[in-house]
Amino acid sequence: MTRKLALLLVVTALTWSGSASADGMNAAPVAAAATGCGTGPFNGFYVGAGLGYGRHDADITDKIYGGKYGDDDSNFTGGAFWGYNYQCDRWLIGYESDINFLNSSSEDHVDTISLKSDIDWYGTSRVRLGLVSSDRVLFYATGGLAYATVDHRFSDSFFSFSRKDDDTQWGWTIGGGVEFIHAGNWTVRAESLWVDLGSETENYKVSSDSSYGCSQVCRATAKWEDDFWVARVGIAYKFGAREEVAPLK
């Protein structure tokens, strides 16, 4: 489902860019722009905003009894991004950061136990490597660090026990996308990212009442594993004087 949506977002961005060209939004005279490093239509600082779709998958392992459970949740995601591109002829290297909301919740119930994992916000700090094609189009791969605010909730109604752990988890991300010069200093893009936040192990003392014969039974250990897909479109503004698009060698 996520891969199909990512493809749809790419097609939407292509259609948008094509429509703008057809309507004359990019009809400025083409000048002979200098080639080489530190110049080009994508070179420079930029800021932007994006909107898309995220799918959160949480796997929880009960390390006492050996059971493994999982659930996923889908929701809209949106946020802001900023970065810098350094273009050398057709090649590009850049750095980009973003911060986004997700508001996803994955939950599972096993007998009297409830397990829930929530992600409200996430961000990334990535390198972008790209190839400029057709003078107005950038294809790129990206990867780097990822982080998110994650809530893990464990409850057992039999023992009337509940605990919530709120933490910032760190992981990694990898993905890719396509970006177009839309008009003037504006660009549009479509991209997809995979984010893996690693694993976290929590220990719970659900009861100390000896009437339950508490030894191992009244303790629980859970290993949480959180990851998610993101597919999104965005629009950005590149600072600096506009560089007219000229055929690259």
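Residues are numbered from 1 along each chain as its sequence is written, and side-chain values use heavy atoms, with hydrogens and water left out.

Now step back to the whole chain. It has one helix and eight strands, and from the N terminus on the order is α-β-β-β-β-β-β-β-β. Helices (H or I, at least four residues) and strands (E, at least two) are DSSP runs, numbered from the N terminus.

How far can you trust each part? The predictor's confidence in each residue is called pLDDT and goes from 0 to 100. Its mean over the chain is 80, and 76% of the residues reach 70 or more. Among the elements, strand S5 (residues 137-156) has the highest mean, 93, while helix H1 (residues 2-22) has the lowest, 43. Over residues 1-34 pLDDT stays under 50, and for this stretch the model has 49 contacts beyond four places in sequence; a contact means heavy atoms within 4.5 Å. Where pLDDT is low, the predicted coordinates should not be read in detail.

Back to S5, which has a partner on each side. Strand S4 (residues 113-133) runs antiparallel to S5, and 20 bridges join them; two strands count as paired if DSSP finds at least two bridges between them. S4 and S5 form a hairpin with three residues between them, and Ser 134 in the turn has a positive phi of about 55 degrees. S5 is also joined by 20 bridges to strand S6 (residues 161-183), again antiparallel. Here Leu 138 stands opposite Glu 179 in S6. This second hairpin has four residues between its strands, and Ser 160 in the turn has a positive phi of about 50 degrees.

Next, follow a single residue. Val 47 lies in strand S1 (residues 44-62). Leaving aside neighbours within four places in sequence, Val 47 touches Phe 81, Trp 82, Ile 235, Ala 236, Tyr 237 and Phe 239. Val 47 and Glu 96 are 49 residues apart along the chain, yet their C-alpha atoms are separated by 9.5 Å.

Val 47 also belongs to a nonpolar surface patch of about 800 Å², whose other members include Phe 45, Leu 51, Trp 82 and Phe 239. Patches are made of residues with over 30% relative accessible area and no salt bridge: like charges are joined within 9 Å, nonpolar side chains (Val, Leu, Ile, Met, Phe, Trp, Tyr) within 5 Å. A salt bridge is a side-chain nitrogen of Lys or Arg within 4 Å of a carboxyl oxygen of Asp or Glu. S1 gives the most to this patch, with three residues.

Finally, look at the chain's surface and interior. Buried residues make up 46% of its 249 residues. The accessible surface comes to about 12100 Å², of which 59% belongs to carbon and sulfur atoms; such areas come from the Shrake-Rupley method with a 1.4 Å probe, and for residues only the protein chains shown count as cover.

Definitions and conventions: Buried < 20%, exposed > 50% of the residue type's maximum accessible area, 1.4 Å probe, protein only.
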